[in-house]
Amino acid sequence: MPDSPPDITRDDVAHLAGLARIQLDDAELERLAPELQKILESVATVSEALEGAGDVAPMSHPTPITNVFRKDEVTPCLTPGQALAGAPASEGQRFLVPKILGEE
Amino acid sequence: MTMTAPALVDFDEALTRYEPVMGLEVHVELNTATKMFCGCPAVFGGEPNTNVCPVCLGLPGALPVVNEKAVESAIRIGLALNCEIAEWCRFARKNYFYPDMPKNFQTSQYDEPIAFDGWMDVELDGETYRVEIERAHMEEDTGKSSHMGGATGRIHGADYSLLDYNRAGIPLIEIVTRPIFVPGDKAPAVARAYVQQLRDLILALDVSDARMDQGSLRADVNLSLRPVGVSTLGTRTETKNVNSFRSVERAVRYEISRHAAILDDGGLILQETRHFHEDTGTTSSGREKSDADDYRYFPEPDLAPVAPSREWVESLRATLPEPPGERRRRLQGEWGFSDLEMRDTVGAGALDLVAATIASGAPAAAARKWWLSELARRANEQGVDLAALPITPADVAAIQKLVEAGSINDKLARQVFDGVLAGEGTPDEVVQKRGLAVVSDEGALSSAVDRAIEANPDVADKIRAGKVAAAGALIGAVMKEMRGQADAGRVRELIISKLT
């Protein structure tokens with residue numbers, strides 16, 4: 001019997017939004033908590049279909065393939081100009097980003 | 001940043017009250033030609049952002065594909081560490097927001113490492129300590145950030161950062177031990193010996209150049225203390241930036257002393273990342289483990305699972321080099337070293353250096369003598385590992401050849417070491433540039449001996465009377481006059497022949 005999904009609180013949504021660096025206002029937090037709850041319940045319903053289906057491993061890939069490898073052979077790279085073309089800012093052939101806080 | 005030096009308890013005293021428990025995480029950068037998930041060259045250095053492509057830059061729509069050679073190397077490392085090899089495992093996304101990974105996640109492995117449940121026997125001072133390996137998993141290296149502006153080039157005070165992604169995506173294997181319980185006084189040396197012997201193993205497998213000074217082998221040291229007699233583990237700290245074998249040992253010692261002081265004071269250890277400082281041998285607070293460690297791992301949907309067939313695994317097992325312990329015993333026999341000599345050689349991290357010197361033609365005893373006396377002393381003075389000295393085993397063998405040929409003596413050999421270490425060229429070039437060859441001009445030697453006899457008539461008389469041991473004083477005088485550039489054995493012969 002699959003466990004019923006845990007309740008999603010407004011704090012859970014705020015926590016997840018923080019981890020994902022998504023800024024949400026109060027109204028959005030209020031709206032998203034029950035929506036996420038609904039999604040979890042729907043997934044739980046799908047899981048119920050597995051009941052009695054025997055030992056079915058969860059999938060993370062749409063096709064049952066394994067060992068897709070490439071040879072260890074060099075292929076052409078981008079030029080630095082191409083690599084940096086989409087960068088908002090660069091300096092000395094490197095990507096320039098705002099100062100990084102929090103970790104040394 | 002202001003920092004007050006933390007209180008420390010003397011190492012030996014700390015061990016009377018606490019038992020250290022260690023955990024070591026070692027990252028090995030593989031020596032594959034290309035990156036983990038794309039065909040960009042996996043090379044150290046180079047002009048910034050020259051070895052990048054849409055995959056390792058995380059551009060939309062790019063599709064990673066696993067490097068088969070990297071999987072092969074991972075399996076070989078796992079097997080060499082006596083691990084089980086997963087029959088089926090996946091990559092996972094480790095999500096975090098930091099610009100060293102342009103994708104905003106690092107492709108790693110989470111609960112399905114390719115290798116797990118292994119061990120390595122670490123030999124130290126004649127004892128064997130079994131270190132259990134929890135797992136070895138595949139992941140990719142990050143880009144290199146440079147913090148610009150500010151006073152110190154560090155993040156604090158920086159105005160902005162610059163990113164070079166040449167290193168992003170280079171294959172890494174992370175090897176994680178289970179908690180290591182060894183007698184406290186041995187803990188720092190066992191940690192060092194583990195990393196040293198793990199490096200030897202990696203080199204023997206030829207899967208990485210494993211240079212700690214260049215970051216292709218990196219160690220993180222986890223340490224906690226628990227009061228003697230208590231079985232639950234204390235809170236641990238994780239020390240990063242440990243860039244040499246010697247530093248591994250120092251980091252363990254320092255953290256033991258620091259934890260003990262906090263615990264003695266009734267304080268609590270903060271679970272945090274700490275940074276090791278090579279110059280002072282101390283650690284400083286990095287960041288506290290917190291929400292930021294909620295990496296929201298999930299299976300990587302862009303990569304198919306890795307399911308190495310048992311045939312493949314067994315064929316790779318057949319390629320493993322001789323296990324290090326067996327190799328040490330074999331070499332000891334071949335070289336005729338005593339247990340103590342072998343222990344010192346291994347302990348100094350000189351095993352491979354001595355082996356390579358012998359392979360370059362030097363006698364075993366001479367190879368050991370140069371590395372463990374002359375060069376170990378210099379490495380110690382400079383606070384670097386023996387292998388980091390700018391001299392090769394071939395150089396050492398060449399110097400030994402010059403000694404055997406009588407071109408230089410031991411004393412001059414030391415000057416040749418000086419020259420090679422100072423970057424003056426090969427041993428032959430140093431001998432030439434410094435004019436170090438011993439004087440083989442018999443006439444010059446003979447007259448120097450005559451002068452020494454004349455200047456020391458009483459010593460000469462003693463020798464004439466049969467006290468050959470007194471010749472030392474005359475040899476010294478001749479060597480002084482020749483400024484060391486004479487063959488002491490030949491000088492002795494000349495003195496004896498003139499006086500008896």
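Me: How many bridges pair S7(B) with strand S10 (residues 171–177) of chain B, and in which sense?
Reply: Two strands pair if DSSP finds at least two bridges between them. Here S7(B) and S10(B) pair over seven bridges, in the antiparallel sense. One point to check is B:Ile133, which stands opposite B:Thr177 in S10(B).

Me: What should I know about the model and its numbering?
Reply: The model is predicted: local features need pLDDT of at least 70, side-chain atom pairs count only at pLDDT 80 or more, and totals for chains, interfaces and linings use all residues. Residues are numbered from 1 along each chain as its sequence is written, with chains lettered from A and ligands numbered from 1 in the order in which they are written.

Me: Which strand does S6 (residues 115–124) of chain B join, and over how many bridges?
Reply: Strand S6(B) is joined to strand S7 (residues 127–140) of chain B by nine bridges. The two run antiparallel. B:Met120 has B:Val131 in S7(B) as its bridge partner. B:Trp119 stands opposite B:Glu132, also in S7(B).

Me: How many residues lie between S6(B) and S7(B) in their hairpin?
Reply: Two residues lie between these strands. B:Asp125 sits in the turn, with a positive phi of about 50 degrees.

Me: In which sense do strand S3 (residues 84–85) of chain B and S6(B) pair?
Reply: The pairing is antiparallel, over two bridges. B:Glu84 stands opposite B:Phe116 in S6(B).

Me: In what order do the three strands of the open sheet S5, S4 and S15 of chain B run?
Reply: Strands are DSSP runs (E, at least two residues) and helices likewise (H or I, at least four), numbered from the N terminus. The order in this antiparallel sheet is S5-S4-S15 (chain B). Strands S5 (105–108) and S15 (298–299) of chain B stand at the edges, each with a single partner strand, so one side of each has no neighbour in the sheet. Strand S4 (residues 92–95) of chain B is joined to S5(B) by four bridges. B:Ala92, for one, has B:Ser108 in S5(B) as its bridge partner.

Me: Which four strands form the open sheet that draws on chains A and B, and in what order?
Reply: The order is S2(A)-S3(A)-S9(B)-S8(B), with antiparallel pairing. Strand S2 (90–91) of chain A and strand S8 (144–148) of chain B are the edge strands, each pairing on one side only.

Me: How many bridges link S3 (residues 94–98) of chain A to S9(B)?
Reply: Four bridges, in the antiparallel sense. S9(B) also pairs with S8(B), antiparallel, over five bridges. Look at B:Ser161 in S9(B). It has A:Val97 opposite, and B:His147 also stands opposite B:Ser161.

Me: How many residues of each chain are in contact across the interface?
Reply: Contact means C-beta atoms, placed from the backbone, within 7 Å. By that test, 46 residues of chain B are in contact with 34 residues of chain A. On the chain B side, S2 (66–67), H2 (68–80), S9 (160–164) and S14 (282–288) each supply at least two residues. The largest share, five residues, comes from S9(B). This side divides into 24 nonpolar, eleven polar and eleven charged residues. Ala, Val, Leu, Ile, Met, Phe, Trp, Tyr, Cys and Pro count as nonpolar; Asp, Glu, Lys and Arg as charged; the others, Gly among them, as polar.

Me: What elements does chain A have, and what box do its C-alpha atoms fill?
Reply: Chain A has three helices and three strands. From the N terminus the elements run α-α-β-α-β-β. The C-alpha atoms of chain A fill a box of roughly 60 × 45 × 25 Å along the principal axes. Of contacts in chain A with a separation of 6 or more, 43% join residues 24 or more positions apart.

Me: Is helix H4 (residues 245–264) of chain B largely enclosed or exposed?
Reply: A residue is buried if 20 or more other C-beta atoms lie within 10 Å of its own, exposed if 12 or fewer, and partly exposed in between, with C-beta atoms placed from the backbone. In H4(B), 17 of the 20 residues are buried, so the rest of the structure largely encloses the helix. In chain A, buried residues make up 7% of the 104 residues. Just after H4(B), B:Gly266 takes a positive phi of about 80 degrees.

Note on methods:
Two residues are in contact if their C-beta atoms, placed from the backbone, lie within 7 Å.
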